[in-house]
Every structure is written in C-alpha cells, then in structure tokens.
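Please open the structure in a viewer and keep the selection panel at hand. The stops below are given in the order in which they may be selected.

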Amino acid sequence: MLNRSILTTSLMGLLIAFCAPALADEKIALTLKDHVFIPDKIQAPAGTKIEITVKNMDSGADEFDSRDLKREKVIPGGKEGIVLVGPLQPGEYHFQGEYHAKTAQGVLVVK
Amino acid sequence: MLAASVIVFREVLEAALIIGIVLAATQTVSGSRKMVAIGIVFGVLGAVLLALFADFLSSLLQGTGQDVFNAAAMILAVCMLAWHNIWMTKHGREMSDEMKGIGRSVSSGSKPLHVLGIVVAIAVLREGGECVLFLWGIASSGTTTFWDMAQGGVMGIGAGVALGATIYFGLLGIPMRHLFIITSWMITLLAAGMAAQAVIFLSAAGLIDIVDQPLWDSSAFLDEDSIAGRILHTLTGYSDRPNAVQLAVWIGTILLIALLTKWAKGGPTEIKAVQQVQ
C-alpha cells in the first residue's frame, strides 16, 4: 500500500511538473549584491503575472522571502532564482533577503 | 549567536511540534519511537543533501524546482497523516487488545510505522535544509566565528526540542480515553494546515493559477511570523492573510479526513474498543 501511494504521488507530481508553468506578462530583474537589493524598489502593473529574476551576486546563498507575496526561495551564491507572483492587487509588497534581513530589504509597488 | 539561535528555533519549531504530536499519538504503538528516530536521522541527512544540491534543485523545472519539491513534500505529508488517522481508527480494537496483552499482537509489518517515519523525515528535511543553508550563509560571510554560530544553532535546536517535549508531555497528561480523539484531531489539523500551505507552493511553482486575495488580515492580532503565530500556524494551519483557496482547501482537508475515518470506523464496536483501553 505504501509503495503504491508513493508511486502514484510521484507520477502525479512528475506529470504536473512537466506541464509548462504559467507564463508571465511582466518580467523584472533584481540583483542582490553585498546583501542589498538593487534596485530596492521595483514596479509592476496590477492584475498581471509577474516573473522576478533575482540574481545573487554574493558568494553565499540568501533567501528571497516575502510574507506579503507569500513567496520564499533560496538562491545559491552566484546563481539566479525565479520568483513567480501575481496577479496582484495594487499596493506595496515588501520582500527581504532573509539571511541578511538587516540590509537586504525591498518593495514591489503594484499600481 | 542570539540571532542565529532565534532563526534556527523558528525553523525547527515546526518539525519539533510535529514530532511531539506524532509521538504522543502513537504512544500505544510499539516500534513507533524507533521509527520516529529513523525519520529524524533520514531527515537530517536529507537536509544536508538538500543544502548541497540547492543549486541543482533551484534550476530544475525552469526555476521552479524548489517550489515543486516543497509542494510535493507537503502533499505527501498530508497523505501520510491522513492515512495514519484512518489506520488508527480502523484498527482501534486490535491496538487495545494488544495493549491488554490479549489477542494476537499486531505485527509491526501491518502497522503504518513507515508512514510516521516519512512524515517526520519530511518535516525535519524541510526545516533542516533551511537551517543548514542559513548557517552556511552566515559562515561564508565571515561575520561570526564558527563556534559562535554552532552555539547559536545548538541553542536554537535545544529550544525547539524543549517545545516539542512540552507538547508531547502535555498531551501525555491527557487521560487515555481522550488521548486518541485529541491526537487524531491534532493530526487532522496538522494535515489541513499543510494542505493549505501546499496551495501556496503550487501557486509559486506556477502549477495552479490562483488570485492571492486575502480574505482577512489578522496580523495585528497575531502575526503569523511571530513565534506564537508560527506555533499556531503549525498546529492548526492558522494564516493571518489566507486567500479563498487556502481556506477552502483547509476546510476540505478536514472534512475529507473526517469522512474517511468515519468510513473506516465501521460499527460502534471500534469506538467502544478504544474506550475500553482504560
């Protein structure tokens, strides 16, 4: 019973995973350098799917973490991470680099 | 060091609570402790592996590898917890007979022990992975010494263990005749909370399309990110800004598990048998 349920779950997972992920209307580039986001304020229109590409130019990993956007993603040092959000209501959505929260702060302004 | 310990504690508390509840719920099932210990060991190994391969995982599936992995882990944990509840309900009489030393003892092969091990391993793996990466990050930034960080990590884990132990011993203080129902409900709520979380991971992975419009904002009352908020979040699935899909899935999971356990219960004899454990 266990083997069957693991198998089914895995197959379902793989099947779902290989379907194309949602396509984004809006693409934003974000850089993390010296534990600071550049730029620290990004913008996007309301009601659109947004793809934020975070390039971590530091040597250590950091975690793009946003309670407002309900997203958490570890981005290894020197690598890029993609965060999909939206469609969003107008407002300000704060995010941070959780491992260096003192300096890595930013906001996504949706209009 | 203090910052490191607080962060490690916040990460491990979810795993610690799950382990405490699972241990209390399976107190009568022999072999459960060993399986939980195995789950922890595999979880820790998995966490280290996860941290080492975070790179590879992130780039998988057009950048959504982490989210797909998290969603799959959550969904698997929900299924395992549900199955545990259903199994315990169905075999209530056999368990009470075994405890009283009558009847044939339930063979460990037929018990869903591996189910527990998997739930524990998943919890430890997810939280542990974050811890390892975080501590690694601090270490490589050179702002603290290794010793400082190790101390912080150990303190954080210690605090988490203390929390898990509190829940465990707290639950054990409940009279046996109520323990089964209470732990069953706690496991159902654990599962419902995880299912609601899975919705967010699936959305993050771009696999489902939902509009994240919060139904309410209770963060002024209890912030989900505070220690108390995280504890409530783990135990009940509390979210300070849930969207409609999260709420629907939370309710749906509770109803589904309740329905399945009712179906597994069969006749009134099963309930009486569990109560007769006294």
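Begin with Pro87(A), which sits in the loop between β7 (80–85) and β8 (91–97) of chain A. The model is a predicted one.

Next, select Ile38(A) and Pro39(A). The peptide bond from Ile38(A) to Pro39(A) is likewise cis, and here omega is near -5 degrees. Pro39(A) belongs to the loop between β2 (36–38) and β3 (41–44) of chain A.

Then select His35(A), in the loop between β1 (26–33) and β2 of chain A.

**The contact between the chains**

Colour chain A and chain B separately and display the residues at their contact. Chain B contributes 42 residues to the contact and chain A contributes 32 residues. Together the two chains bury about 3,200 Å², of which 55% is on carbon and sulfur atoms.

How many salt bridges are counted between chain B and chain A? The count is eight; over all chains, it comes to 12 salt bridges. For one salt bridge, select Asp209(B) and Lys49(A), whose side chains meet at 3.2 Å, N to O. Asp209(B) lies in the loop between α8 and α9 of chain B, and Lys49(A) lies in the loop between β3 and β4 (50–56) of chain A, so the pair joins two chains.

Polar contacts may be displayed next: 12 residue pairs are in polar contact between chain B and chain A, with both residues at pLDDT 80 or more. On the chain B side, select α1 (2–25), α3 (54–63), α4 (65–90), α6 (113–141) and α8 (176–204), each of which supplies at least two of the residues that touch chain A. Which element of chain B gives the largest share of this side? That element is α6(B), with eight residues. By class, the side of chain B that touches chain A comprises 16 nonpolar, 14 polar and 12 charged residues.

**The largest cavity**

The structure holds six cavities of 30 Å³ or more, and the largest cavity has a volume of about 620 Å³. Select Arg67(A), Glu72(A), Gln197(B), Glu224(B) and His233(B): of the 29 residues that line the largest cavity, these are the closest to its centre.

To see the lining by element, display β5 (62–66) and β6 (71–75) of chain A with α1, α6, α8 and α9 (227–236) of chain B; these elements each give two or more residues to the lining of the largest cavity. The element that gives the most is α8(B), with six residues. Colour the lining of the largest cavity by class, and it divides into 16 charged, eight polar and five nonpolar residues.

**The second largest pocket**

The last stop is the second largest pocket, which holds about 690 Å³ of space. Select Val12(B), Val44(B), Val124(B), Ile157(B) and Val161(B), the closest to the centre of this pocket among the 28 residues that line it.

Coloured by class, the lining of the second largest pocket shows 22 nonpolar residues, five polar and one charged.

How values were computed
Residues numbered from 1 in each chain as written. Chains lettered and ligands numbered in written order. Predicted model: local features only at pLDDT ≥ 70, side-chain atom pairs only at ≥ 80, totals over all residues. Heavy atoms only, no water. Contact = heavy atoms within 4.5 Å. Buried area = accessible area lost by both parts, 1.4 Å probe. Salt bridge = Lys/Arg side-chain N within 4 Å of Asp/Glu carboxyl O. Polar contact = N/O pair within 3.5 Å; in protein donor to acceptor, adjacent residues only side chain to side chain. Helix = DSSP H or I, 4+ residues; strand = E, 2+ residues; numbered from the N terminus. Nonpolar A, V, L, I, M, F, W, Y, C, P; charged D, E, K, R; others polar. 1 Å grid on protein atoms, 1.4 Å probe; cavity = no way out; pocket = protein on both sides within 12 Å on 5 of 7 lines; lining within 4 Å. Points joined across faces, edges and corners; volume = space filled by probe spheres on them.
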